[in-house]
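Subject: Structure handover and findings

Hi,

Here is the structure we talked about handing over. My notes follow below it.

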Amino acid sequence: MMRGLRLMILIPSLLILTNLLETSSHGDHPLSRIAIHEATLALNHLAYVKASPSILGLTTGQNSQWVTVEYSTPIPSVDDWIGVFSPANFSASTCSSENPRVYPPLLCSAPIKFQYANYSTPQYRDTGKGSLKLQLINQRSDFSFALFTGGFLSPKLVAVSNKVTFSNPNAPAYPRLAQGETWDEMTVTWTSGYGITEAEPFVEWSPKGGDSIHSPAGTLTFERSSMCGAPARTVGWRDPGYIHTSFLKELWPNRVYAYKLGHRLFNGSYIWSKEYQFKAPPYPGQDSVQRVVIFGDMGKGEVDGSSEYNDFQPGSLNTTKQLVQDLKNIDIVFHIGDICYANGYLSQWDQFTAQIEPIASSIPYMIASGNHERDWPGTGSFYGNMDSGGECGVLAQTMFYTPTENRAKFWYSTDYGMFRFCVADTEHDWREGTEQYKFIEHCLASVDRQKQPWLIFLAHRVLGYSSDISYAIEGSFEEPMGRESLQKLWQKYKVDIAMFGHVHNYERTCPIYQNICTSKEKHYYKGTLNGTIHVAAGGAGASLSPFTTLQTAWSLYKDYDHGFVKLTAFDHSNLLLEYKKSRDGKVYDSFTISRDYRDILACTVGSCPSTTLAS
């Protein structure tokens with residue numbers, strides 16, 4: 001009996017994050033705090049867990065639904081907790097043993113989320129009865145709920161619920177738009193449970209009121225062996241399903257298009273998502289109001305209160321909420337690294353793409369690579385730490401599309417109307433003489449500033465200036481070796497704004513070159529800047545990072561709070577930057593740049609070559 005029940009169970013272990021080298025502001029991943037590898041059986045025939053409804057997603061395109069979980073035990077404790085597992089069978093039968101003489105642990109896969117049993121039932125400790133309202137998303141498999149006692153360090157399995165499943169676990173879900181390699185191309189990436197041997201993926205799309213077009217999609221996936229280490233290879237592993245990307249080409253500028261995701265099964269039937277819509281990008285140089293939101297380090301949160309200890313990514317849901325509420329006034333988003341902080345717990349990527357679906361399904365959601373996506377020893381990362389939890393870039397470069405020449409080298413340029421964005425990858429070497437340095441210079445040098453006057457440099461780690469305490473302790477006020485090579489390029493090509501994440505706060509500098517402010521103005525810049533304004537915008541969700549008490553002369557505004565940045569180009573001569581707090585969406589810092597084309601042509605220190613009599 002015990003052995004049979006043992007084979008019906010499964011769950012993850014907490015392993016590796018104790019080895020992760022993270023800054024003090026990051027905190028441990030909640031799932032890493034559960035020592036699942038230490039789990040034992042304590043099944044009690046008087047205990048139970050019941051979940052309802054058992055069938056979810058009966059409406060087309062419904063990929064999330066709330067579930068009621070009721071549970072009871074004759075021996076309640078304050079540290080009892082409920083784990084949500086998927087697949088529903090999380091037994092040791094799914095664990096691989098090291099050799100025939102070493103038994104695998106009882107549980108070998110982490111829960112996708114969890115909550116204390118007394119979270120919404122304070123009297124649980126006295127009555128032994130409780131209930132939770134939990135939100136599930138479609139993650140291509142069924143679910144079960146397990147009651148544990150013994151806390152997180154010595155979990156003992158008391159009872160397991162019935163299975164809960166979506167009516168079609170394989171259904172296409174969580175579309176995310178991104179700009180293609182040319183301005184008139186939009187890409188649509190989504191996740192499903194259909195491989196290429198089961199169905200043909202495509203996007204059906206059309207201009208509003210026009211004829212429909214079917215565009216085929218490519219399909220990618222990866223295996224456990226693609227991961228570089230634990231927990232991604234061990235307790236954090238979860239089948240990622242299939243990731244599809246379709247390319248919608250020859251779009252008319254600013255035209256509204258409708259689209260839906262489709263899979264044609266080989267029996268001739270079709271599986272559809274609900275219908276979405278997007279507006280095509282403006283023509284490069286087009287004179288119209290264009291609005292861009294930029295932030296880093298957002299992560300994910302759970303609307304049902306589970307998984308988090310309220311200190312891991314406390315601002316994530318607030319930031320997402322503000323963007324959704326203001327979506328009609330946003331044209332494109334740049335999330336510059338530290339995307340969801342899965343840190344090797346792969347189920348978190350599904351949860352993140354579900355969280356941002358209202359945004360990413362409607363406007364391009366562009367990402368950059370951060371340390372929590374890429375870094376792992378011996379994998380070509382510029383840094384030898386373990387911040388990715390063994391993902392080593394595989395998840396980020398597969399789950400999202402970016403117009404890179406090589407997805408493993410996560411740098412690219414993209415144009416949006418009057419903007420040129422040069423997006424760097426701080427997890428690869430950017431210094432002078434490297435492949436990335438050459439890309440950055442070409443991106444900055446090749447833009448026509450008469451048509452695209454607003455030149456923006458984006459990257460994850462701070463390659464410019466920051467008063468964050470971590471950089472102050474290093475004495476550099478930047479990523480070591482950060483700006484030494486690049487500031488010559490920013491000055492030569494008159495980069496307006498360089499924006500970074502990584503530090504979980506907001507800060508804005510004066511226009512600056514070689515540690516010297518080139519303007520005494522603080523909010524209204526007219527004419528040439530003579531330097532680049534540096535902005536740290538890494539406070540979108542993760543736990544905040546304090547500033548140094550040292551007063552840096554180049555720092556004009558600091559904020560220890562969660563927020564994001566919005567750029568609005570009104571025309572070729574006027575740009576507004578606003579810093580908004582995630583708690584209320586209100587503007588707390590701003591500045592304006594006003595100039596004309598001749599101001600960009602004007603020489604500044606380091607921006608024009610020396611002349612001779614011959615010239």
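Which residues in α4 are buried? They are Ser347, Gln348, Trp349, Asp350, Gln351, Phe352, Thr353, Ala354 and Gln355. Buried means under 20% relative accessible area, exposed means over 50%, and partly exposed lies in between (1.4 Å probe, protein chains only). Helix α4 spans residues 347–355 and is mostly covered, with nine of its nine residues buried.

Ground rules first. This is a predicted model: local features need pLDDT of at least 70, side-chain atom pairs count only at pLDDT 80 or more, and totals for chains, interfaces and linings use all residues. Residues are numbered from 1 along each chain as its sequence is written, and side-chain values use heavy atoms, with hydrogens and water left out. Helices (H or I, at least four residues) and strands (E, at least two) are DSSP runs, numbered from the N terminus.

Strand β8

Strand β8 covers residues 144–149. Six of its six residues are buried, so the strand is largely enclosed by the rest of the structure. Ser144, Ala146 and Phe148 point one way. Phe145, Leu147 and Thr149 point the other way.

Next, its neighbours. Two strands pair if DSSP finds at least two bridges between them. Strand β5 (residues 81–85) pairs with β8 in the antiparallel sense, over five bridges. There, tryptophan 81 has phenylalanine 148 of β8 as its bridge partner. Strand β9 (residues 156–160) also runs antiparallel to β8, joined by four bridges. Alanine 146 has valine 160 of β9 as its bridge partner. The β8 and β9 hairpin has six residues between the strands, and glycine 150 takes a positive phi near 90° in that hairpin.

Salt bridges

Side chains of opposite charge can pair when their charged atoms come close. The cut-off here is a side-chain nitrogen of Lys or Arg within 4 Å of a carboxyl oxygen of Asp or Glu. How many salt bridges does a search of the whole structure find? It finds 26.

One of them joins the side chains of lysine 409 and glutamate 435, at 2.9 Å, N to O. This pair links distant parts of the chain, 26 residues apart. Lysine 409 is in the loop between α7 (394–399) and β22 (412–416), and glutamate 435 is in helix α8 (residues 435–445). Lysine 409 is partly exposed at 29% relative accessibility. Glutamate 435 is partly exposed at 48%.

Another salt bridge is formed by arginine 508 and aspartate 589, with the closest N and O atoms 2.8 Å apart. Arginine 508 lies in strand β26 (residues 506–513) and aspartate 589 in strand β33 (residues 587–594), so the pair ties together parts that are 81 residues apart in sequence. Arginine 508 and aspartate 589 are both buried.

Aspartate 596 and arginine 598 also meet through their side chains, at 3.3 Å, N to O. Aspartate 596 is partly exposed, at 30%. Arginine 598 is exposed, at 63%. Separately, salt bridges that share partners join Lys113, Lys300, Glu302 and Asp304 into one network.

Annotated spans

Positions are in the numbering used here, feature names are shortened, and annotations may be inferred rather than shown by experiment.

- UniProt places "domain: Purple acid phosphatase N-terminal" at residues 175–279. That span is 0% helix and 50% strand, and its end C-alpha atoms lie 15 Å apart.
- UniProt places "domain: Purple acid phosphatase C-terminal" at residues 531–590. That span is 0% helix and 50% strand, with its end C-alpha atoms 18 Å apart.

Best regards
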